[in-house]
Amino acid sequence: MEYVGDKYGYTGVSSFFLAYNNRLKKSLIKHGDIIVFWSLGAGYQIGVMLLKI
């Protein structure tokens with residue numbers, strides 16, 4: 001799990017991409033990985049995406 005709130009604060013839906021970028025920089029994502037992007041905003045807006053690299 002990658003948490004970016006401590007570094008960037010509340011970023012809403014763009015937190016998906018900030019967390020993904022952090023993982024890429026750390027070389028923690030490789031071909032064949034399955035990634036779930038999940039974000040919650042204001043308690044009622046939810047964004048989820050499943051991605052196979």
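F16 is buried, with a relative accessible area of 9%, where buried means under 20% relative accessible area, exposed means over 50%, and partly exposed is anything in between (1.4 Å probe, protein chains only). You'll find F16 in helix 2. Leaving out residues up to four places away in sequence, F16 touches F37, W38, S39, G47 and V48, with contact taken as heavy atoms within 4.5 Å. G5 sits 11 residues from F16 along the chain, and the C-alpha atoms of the two are separated by 11 Å.

Before going on, a word on what you're looking at. This is a predicted model, so local features need pLDDT of at least 70 and side-chain atom pairs count only at pLDDT 80 or more, while totals for chains, interfaces and linings use all residues. Residues are numbered from 1 along each chain as its sequence is written, and side-chain values use heavy atoms, with hydrogens and water left out.

Now step back to the whole chain. It has 2 helices and 2 strands, and these follow the pattern α-α-β-β along the sequence. Helices (H or I, at least four residues) and strands (E, at least two) are DSSP runs, numbered from the N terminus. The C-alpha trace spans about 35 × 20 × 15 Å along its principal axes. Of the 53 residues, 23% count as buried. The accessible surface comes to about 4,200 Å², and 61% of that belongs to carbon and sulfur atoms; these areas come from the Shrake-Rupley method with a 1.4 Å probe, and for residues only the protein chains shown count as cover. As for contacts between residues at least 6 apart in sequence, 17% of them join residues at least 24 apart.

Back to helix 2, then. Which of its residues are buried? They are S15, F16, A19 and N22. These four cover an arc of only 135° around the axis, which puts them on the same side of helix 2; the arc is that of the directions from the helix axis to the C-beta atoms. The general rule behind this is that an α-helix has 3.6 residues a turn, so residues three or four places apart point the same way.

At 10% relative accessibility, N22 counts as buried. Not counting residues up to four places away in sequence, N22 touches E2, V4, K7 and Y8, whereas the contacts of F16 include F37 and V48.

S27 has a phi near 55°, a positive value in a residue other than glycine. Most residues other than glycine have a negative phi. S27 is exposed, with a relative accessible area of 62%.

D33 lies in the loop between helix 2 (15-25) and strand 1 (34-41), and its side chain meets that of K30 in a salt bridge (3.6 Å, N to O). A salt bridge here is a side-chain nitrogen of Lys or Arg within 4 Å of a carboxyl oxygen of Asp or Glu. How many salt bridges does the structure hold? It holds 1. In general, side chains of opposite charge can pair when their charged atoms come close. K30 counts as exposed, at 58% relative accessibility. Leaving aside residues up to four places away in sequence, D33 touches L28, L51, K52 and I53.

I34, V36, W38, L40, I46, V48 and L50 form a nonpolar patch on the surface, with about 790 Å² of accessible area together. Patches are made of residues with over 30% relative accessible area and no salt bridge, joining like charges within 9 Å and nonpolar side chains (Val, Leu, Ile, Met, Phe, Trp, Tyr) within 5 Å. Strand 1 and strand 2 (45-52) each supply at least two residues of the patch, and the largest share, 4 residues, comes from strand 1.

V36, in strand 1, is exposed, with a relative accessible area of 56%. L40, also found in strand 1, counts as partly exposed at 42% relative accessibility. Apart from its neighbours within four places in sequence, L40 is in contact with Y10, Q45 and I46. The C-alpha atoms of L40 and G12 are separated by 7.5 Å, although these residues are 28 apart along the chain.
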